[in-house]
Amino acid sequence: MEEYTQKAIETAKGAGNILLEGFGSSFKITNKEGKNNLVTEYDNRSEEFIIENLKKHFPEFSFLAEESGLSLNNGQKNGYFWVIDPLDGTVNYAHNLPIFSVSIALVKNREILCGVIYNPILDELFYAENGKGAYLNASKLIVSKCDKLDNSFLVTGFPYNIDSNPGHCVDQFVQMLKRGIPVRRLGSAALDLAYVAAGRFDGFWEINLNPWDVAAGVLLVLEAGGKVTQYNNAPYWITDNNILATNGLIHEELSQTLNSCYLEINNGI
Ligand code: IPD
Ligand code: CA
Ligand code: CA
């Protein structure tokens, strides 16, 4: 394993332990931009720990982290970026719902070199290295084998501006439910992607995510044999506006369904 992956794992576990210490306690919660977009003092504590720890080992790498934004270290711009979500699932965390994670990825030149997602509640560590497979603790991950959308088990999420139905995300969700397909909404996009990699879900889609929500999870899905594109099957990068991640087998069908919903509504059908 590369040193950067080892350090990302150590760091994600350390941050997860900080989140566990705070979980259920009476911590400070404030509102960020957008309705119901919360931030707790533990988002910040976790992020400070992650950045400090990674900086110690890789002083020349830059950061893109949810709470503190972009920091180009020493202005060196050598192309390495740690992409960090210190607490994915903040709304769950703020309501004492034990579904949240820490997500850390290392990115260089539009390539994700490693991705780590840690769920401290279940002590589940998901990690992947480019070209070397995806793992949950010591076990190799492989995506599910379901090959029909109607038999699939899916997960999605909604952006904080869901009240304006961006990209018809509400209609897409309703359409899946009307087909009788079980769809979950867990509230942590990083875990959603890790669970697609682990074969727990057959597919995931969401609009308006940020690079820190998805960077580690995208590599996990790809390394577990899955497929990641935009809704319309176009190539995906972590700055794109919508993401579709599946086991590969239901990809076309799910892509068509998401797109057809969008087209139907725009044609007024
Ligand atoms: C959120 C979670 C959620 C997704 C939201 C994200 P946060 O991240 O990943 O599942 O639906 O769009 O913003 O705010 O908990 O880090
Ligand atoms: Ca997030
Ligand atoms: Ca977050």
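Leucine 87 is buried, with a relative accessible area of 1%; buried denotes under 20% relative accessible area, exposed over 50%, and partly exposed the range in between, computed with a 1.4 Å probe and the protein chains only. The model is a predicted one, in which local features need pLDDT of at least 70 and side-chain atom pairs count only at pLDDT 80 or more, whereas totals for chains, interfaces and linings use all residues. Residues are numbered from 1 along each chain as its sequence is written, chains are lettered from A and ligands numbered from 1 in the order in which they are written, and side-chain values use heavy atoms, with hydrogens and water left out.

Donors are N, O and S atoms within 2.8 Å of the metal, or 3.2 Å for Na, K and Ca; because water is not among the atoms, sites may look incomplete. The site links distant parts of the chain, since glutamate 66 lies in the loop between β3 (62-65) and β4 (69-71) and leucine 87 in strand β5, 21 residues apart. Helices (H or I, at least four residues) and strands (E, at least two) are DSSP runs, numbered from the N terminus. In contrast to the buried leucine 87, glutamate 66 counts as partly exposed, at 21% relative accessibility.

The calcium ion (ligand 3) and the calcium ion (ligand 2) are 3.7 Å apart, and aspartate 85 coordinates both.

One of its polar side-chain atoms lies 3.2 Å from an oxygen atom of ligand 1. For tyrosine 160, a polar side-chain atom lies 2.8 Å from an oxygen atom of that ligand, and a backbone N or O atom of alanine 189 lies 3.0 Å from an oxygen atom of ligand 1. The protein covers 95% of the 380 Å² of accessible area that ligand 1 has on its own, areas being computed by the Shrake-Rupley method with a 1.4 Å probe and, for residues, with only the protein chains shown as cover. Of the 16 residues around ligand 1, Asp88, Gly89, Thr90, Tyr160 and Glu206 come nearest, where a residue is near if one of its heavy atoms lies within 4 Å. Strand β5 gives the largest share of this shell, three residues.

The space taken by ligand 1 is the largest pocket. On a 1 Å grid over the protein atoms alone, a pocket is an open set of points with protein on both sides within 12 Å along at least five of seven lines, unlike a cavity, where a 1.4 Å probe fits but cannot get out; lining residues have an atom within 4 Å of a point. A molecule sits in a pocket if more than half of its atoms lie within 2 Å of its grid points.

Alanine 189 leads on to helix α5. Nine of the nine residues of helix α5 (residues 189-197) are buried, so the helix is largely enclosed by the rest of the structure. The buried residues include Ala189, Asp192 and Tyr195. Just after α5, glycine 199 takes a positive phi of about 80°.

Most residues other than glycine have a negative phi. Arginine 110 has a positive phi of about 55° although it is not a glycine; arginine 110 is placed in the loop between β6 (101-108) and β7 (111-119) and counts as exposed, at 61% relative accessibility. Asparagine 137 likewise has a positive phi, near 50°. Asparagine 137 lies in the loop between β9 (134-136) and β10 (139-140) and is partly exposed, with a relative accessible area of 36%.

Strand β14 (residues 227-229) contains threonine 229, which is buried at 4% relative accessible area. A polar contact of 2.8 Å joins the side chains of threonine 229 and histidine 251. Such a contact is a pair of N or O atoms within 3.5 Å; within protein, one must be able to donate a hydrogen and the other to accept it, and residues adjacent in sequence count only if both atoms are side-chain atoms. Lysine 227, also found in strand β14, counts as partly exposed at 32% relative accessibility.
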